[in-house]
Amino acid sequence: MEEILKKIKKIEQEEARRKKCPLARYNKTKVHLKQMAFHQCLKRNRWVFGGNRSGKTECGAVETVWLARGIHPYRANRSSVSCWVVSLSQQVQRDVAQQKILYYLDKSWVREIVMANGSKASPEYGVIDYIVIDNVFGETSKIAFKSCEAGRDKFQGTSLDFVWFDEEPPQEIYEECRMRVLDKQGHLFGTMTPLKGLTWVYDEIYLNKHNSKEVWCEFMEWADNPYLNSSEVAEMSESLSSEMLESRRYGRFTAVSGLVYPEFSEANVIEPFDVPESWQDGISIDPGLNNPLSCHWYARDYDGNVYVIAEHYEAKRDVAYHAEKIKEICRLLNWKKDRFGCISALMDSAANQRTLNGQRSVAELFCEQGITVNTRVNKSLYTGINKVKSMLKPLNSPPHLYIFSSCVNMLREIKGYFWGNGDAPIKRDDHAMDDLRYYVCSLTDRQEAKPEKSWVEKDKEKLYKQLRLNR
C-alpha cells in the first residue's frame with residue numbers, strides 16, 4: 001500500500017511540475033491568434049514578419065521545441081529530429097534564440113549540451129553548439145545552432161528535418177538550408193523584423209514571385225500581442241518616426257513609400273467562396289502574346305463591394321489558346337453570356353491595332369473565338385489608380401475591393417507595384433494592375449434588380465394604358 005501511495009504521489013508531483021512548465025503555459029494561456037495561425041499552418045516554407053515584441057520569436061522557439069520533442073499538436077511528428085536554429089551572429093544567438101529555446105526546454109528532457117564556448121553548467125551565458133534531447137518516442141533529437149557570420153561553407157553537408165531562421169539570413173545561406181531539408185522532405189520557417197528594406201525575402205517570400213504553393217507568410221504587430229501594456233505601446237508608437245513604426249511595430253517592409261497601393265493589406269485578401277450568379281459583373285483583359293495575358297473575373301454585390309474571383313495569366317501563347325482557357329473558366333463559373341451567346345470582356349484599346357500580317361486585330365481574333373471585347377476602356381492612370389486606392393481602404397468603412405487568395409498573380413503584382421519617376425508607375429509586372437484599372441473605371445452605381453412583375457400587375461398596366469388611350 002505504501003508503495004502504491006509513493007507512486008501516486010510521484011505521478012501527482014510530475015503532473016504539477018508539468019503544469020508549471022513554460023511550454024504547457026504557452027499552449028494553454030500565452031499563445032495569441034497570430035501565433036496559433038503560424039503553428040497550425042502546414043506549408044513547408046512559413047514566415048512571420050513581426051514588429052519587436054510582437055511574439056514572433058516566441059512562436060519560433062516553441063515550434064522548434066515541439067518538433068524536436070515530438071509533441072507538435074498540428075504536424076505529423078518524427079521519431080528522431082535533426083534541426084538548425086540560424087541566427088545572424090553568435091552574440092544574437094546567445095541573447096535571443098538560444099535563451100528562448102532553453103526557457104521552453106524542460107531540464108529533464110536534456111540529454112547533453114555541447115558548447116561552442118562557455119560552460120555547459122551555465123549554458124545561458126555561453127554559446128551553445130548543439131543540444132541533444134529525449135523525445136517522446138524514446139529516441140533523441142538534436143537542436144544545433146548556426147551563425148550566419150560563419151559563412152555559407154558552414155551550412156553544407158547535413159540532412160535536416162527543419163530549419164528555423166531567427167531574423168533574415170543572407171540569401172545564399174537560405175538557399176543552402178533549402179538543400180539541407182530536401183532529403184527528408186523537411187521544412188523551413190523564419191521569424192523576422194524586416195529592417196533591411198526590399199531584400200530577397202520581399203521578392204521570394206512576401207511577393208512569392210515563383211507562385212509556390214508551399215510559401216506562407218503573415219504579419220504580427222504589437223496589437224496582436226495581448227500581453228503588451230497598452231500605455232507602453234502608445235508611448236512607444238509616438239516616439240518612433242513613421243518609417244520606423246512601419247517596421248518596428250507592424251513588421252512591414254520599410255520601402256512602402258514607393259508603393260502605388262500602400263493601402264493594400266491582408267484585409268483585402270479572402271478565401272474563395274461560391275459567388276451568387278447575380279453578382280457576376282465583368283471580365284477584364286490586358287492582352288499579351290509574348291508578355292503575359294492577364295484576365296480576371298469580377299463580381300459585385302449589391303452593396304457595391306467588388307470581388308476578384310478568378311484569373312487566367314499566361315505568357316507566350318496565341319489568341320486561340322487564351323480564348324479556350326477563358327471559356328473553360330467561364331464554364332466552371334457558369335458565367336453569364338450576352339444576348340448573342342458570347343462572352344463579353346473589357347480589353348485595352350491597343351487590341352484594335354492590326355497584327356503583324358496586317359489583316360486582323362487582336363480584338364477581332366478574340367471575337368472570332370466567341371469572346372466579344374469592348375475596347376472603349378478608360379485608360380487614365382490617375383483616375384484608375386485613385387479609384388482602386390479608395391476601394392482598397394475607404395476612409396470610414398471596411399474595404400470595397402476583395403481579391404480571392406487563388407488569384408496569385410494579381411496579389412503578387414499589387415504587392416510589387418511601385419512608382420517610377422514622375423506620376424507614373426514603373427512599367428513592369430503590371431498586367432493585372434492594368435486590367436484591374438479597366439474594370440474599376442467601368443463601374444457605375446449598381447441598382448438592385450427589380451423583381452419580376454406578376455401577371456396581375458402586367459394586366460393592370462395594360463388596362464390603365466387602354467383607359468388613357470380611350471379618354
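**Cysteines, cores and strands**

Guide: A search of the whole structure finds zero disulfides, a disulfide being a pair of cysteine sulfur atoms within 2.5 Å. This is a predicted model, in which local features need pLDDT of at least 70 and side-chain atom pairs count only at pLDDT 80 or more, while totals for chains, interfaces and linings use all residues. Residues are numbered from 1 along each chain as its sequence is written, and side-chain values use heavy atoms, with hydrogens and water left out.

Visitor: How much of the protein chain is buried?
Guide: Of its 471 residues, 46% count as buried. The secondary structure of the chain comes to 16 helices and 15 strands; these are DSSP runs numbered from the N terminus, helices being H or I with at least four residues and strands E with at least two.

Visitor: Which residues touch the most other members of the largest nonpolar core?
Guide: They are Tyr261, Trp297 and Phe366, in a core of 84 residues. A nonpolar core is a set of buried Ala, Val, Leu, Ile, Met, Phe, Trp, Tyr and Cys residues joined through side-chain atoms within 4.5 Å. Leaving aside neighbours within four places in sequence, Phe366 is in contact (heavy atoms within 4.5 Å) with residues including Leu293, Val319, Ile371 and Val373. A second, separate core has 36 residues, among them Cys83, Leu105, Phe145 and Trp216.

Visitor: Ile371 and Val373 came up there; which face of strand β14 are they on?
Guide: Both belong to the covered face of β14 (residues 371-374), whereas Thr372 and Asn374 make up the uncovered one. In a regular strand the side chains alternate between the two faces of the sheet.

Visitor: Where does β14 sit in its sheet?
Guide: The sheet is open, with seven strands in the order β9-β15-β12-β11-β10-β13-β14 and mixed pairing. Its edge strands are β9 (269-270) and β14, each of which pairs on one side only. Two strands pair if DSSP finds at least two bridges between them. β13 and β14 run parallel, joined by four bridges, and Leu346 stands opposite Asn374 in β14. By contrast, β10 (residues 280-286) and β11 (residues 293-300) pair in the antiparallel sense over six bridges; there, Ile285 stands opposite Cys295 in β11.

Visitor: Is Phe340 buried or exposed?
Guide: Phe340 is exposed, with a relative accessible area of 62%. Its place is in the loop between α11 (319-333) and β13 (343-347). The C-alpha atoms of Phe340 and Gly370 are separated by 9.7 Å, although these residues are 30 apart along the chain.

Visitor: Another loop, then. What does the side chain of His72 make a polar contact with?
Guide: The partner is the side chain of Glu63, at 2.9 Å. A polar contact is a pair of N or O atoms within 3.5 Å; within protein, one must be able to donate a hydrogen and the other to accept it, and residues adjacent in sequence count only if both atoms are side-chain atoms. His72 lies in the loop between α4 (56-69) and β2 (82-87) and counts as buried, at 4% relative accessibility.

Visitor: Why is strand β6 largely enclosed?
Guide: Five of the five residues of β6 (residues 162-166) are buried, so the strand is largely enclosed by the rest of the structure. Phe162, Trp164 and Asp166 cover one side, with Val163 and Phe165 on the other. β6 runs parallel to β2, with four bridges, and also parallel to β7 (residues 187-192), with five bridges.

Conventions. Buried means under 20% relative accessible area, exposed over 50%, partly exposed in between (1.4 Å probe, protein chains only).
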